[in-house]
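These are my notebook entries on a structure that is new to me. I set down what I looked up, entry by entry.

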Amino acid sequence: MIPIVAIMYDFDKTLSPRDMQEYAFIPGVGMTGAEFWSKCNYIMRTNGMDSILAYMYCMIEESKKHDLKLSREEFRKQGKDVVLFDGVEDWFDRITKYGAEHGVQIEHYVISSGLKEIIEGTPIADCFKEIYACEFMYNEDGEAIWPAMAVNYTSKTQFVYRINKGVLDVTKHDDLNDSVPDEQKRISLSNMIYIGDGLSDVPCMKLVKTSGGHSVAVYQDKKDQAVTLLKQGRVSYIAHTDYREGSKLDMTIKAIIDQIKATNVTKEIYKKDIAEN
């Protein structure tokens, strides 16, 4: 049986250098990134509000002020302006091919507090089996009016379990909470790799690592935070956000895939020995 390996990614500052709203939306409402996020933080503190709901509220309010209709089409158009790190665009096909050549089926997932609609407009959208991210509800005119999905740093972990059990539909809660023996779960937690850049990813990174999987903290210029996470035992590895072939990140992920394959082979040998004796 071919083992399935799930590679899960944060998006902002993990696959892209900046928050995705900063490429098109925020300039479109006449604000700087600092101004927009400062306003979001003020609304969050003043109202005792979840930070993700605060930024989604701000997007709706600022779009109204500037007569900007927030539709799925508009968000996807903004996704075309999102910049990706070096090597990201061919990363997924390259890693999937490497897995196939080594007897492993690779699946890629996004688990992000950014906007699903913007990610869907990027050139890598079709590389993911599923995109879990914040999403708006739209009225009959196709205009964003309310959050349909808010993904914060703690709720991110539910998507790890969805991938683990193969319950990918976010509306299916009973199936997610059903008790299922580990051997019947679609992708073992030990066959998972989580790649993220910061503290908002820690719950997922630690969950995967402590369950026998692998977590990688990536960094751009300064690696202090990544080093701290490594020393605290929250992540397995750290690497620069360079996705090109031959980079440290590329070699690390390939080595993890090799390790997962070897572990699965030895498990199958053990099961066969038990069955025969």
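**Entry 1: strands.** I began with the pairing of strand S1 (residues 4-9) and S2, which run parallel and share 6 bridges. I took two strands as paired if DSSP finds at least two bridges between them. Helices (H or I, at least four residues) and strands (E, at least two) are DSSP runs, numbered from the N terminus. In this pairing, Val5 stands opposite Ile106 of S2.

**Entry 2: basis of the model.** I noted that the model is predicted: local features need pLDDT of at least 70 and side-chain atom pairs count only at pLDDT 80 or more, while totals for chains, interfaces and linings use all residues. Residues are numbered from 1 along each chain as its sequence is written, and side-chain values use heavy atoms, with hydrogens and water left out.

**Entry 3: further strand partners.** I next followed S2 to S3, and found a parallel pairing over 4 bridges. Ile111 has Tyr132 in S3 as its bridge partner. From S3 I went on to strand S4 (residues 144-149); these two run antiparallel and are joined by 4 bridges. Met137 is opposite Trp146 in S4. The hairpin of S3 and S4 has 5 residues between the strands, and Gly142 there takes a positive phi near 80°.

**Entry 4: cover.** How many residues of strand S2 (residues 105-115) are buried? I read 10 of its 11, so I call S2 mostly covered. Buried means under 20% relative accessible area, exposed over 50%, and partly exposed in between (1.4 Å probe, protein chains only). Helix H7 (residues 156-165) is also mostly covered, with 7 of its 10 residues buried. Among the buried residues of H7 I listed Lys156, Phe159, Arg162 and Asn164. Just after H7, Gly166 has a positive phi of about 80°.

**Entry 5: salt bridges.** I recorded 17 salt bridges in the structure. The criterion is a side-chain nitrogen of Lys or Arg within 4 Å of a carboxyl oxygen of Asp or Glu. Side chains of opposite charge can pair when their charged atoms come close.

I looked up Glu61 and Lys64, whose closest N and O atoms are 3.8 Å apart in a salt bridge. The two are 3 residues apart in helix H3 (residues 51-65), and about one helical turn separates them. Glu61 is partly exposed at 25% relative accessible area, whereas Lys64 is exposed at 57%.

Which parts does the salt bridge of Glu120 and Arg76 tie together? Their side chains meet at 2.7 Å, N to O. Glu120 lies in the loop between helix H6 (116-119) and strand S3 (130-138) and Arg76 in helix H4 (residues 72-79), so the pair ties together parts that are 44 residues apart in sequence. Both are partly exposed, Glu120 at 25% and Arg76 at 33%.

I also noted Lys185 with Asp182, at 3.0 Å between the closest N and O atoms of their salt bridge. Asp182 is exposed, with a relative accessible area of 58%. Elsewhere, salt bridges that share partners join Asp90, Arg94, Glu245, Asp250 and Lys254 into one network.

**Entry 6: Asp174.** Asp174 is exposed, with a relative accessible area of 64%.
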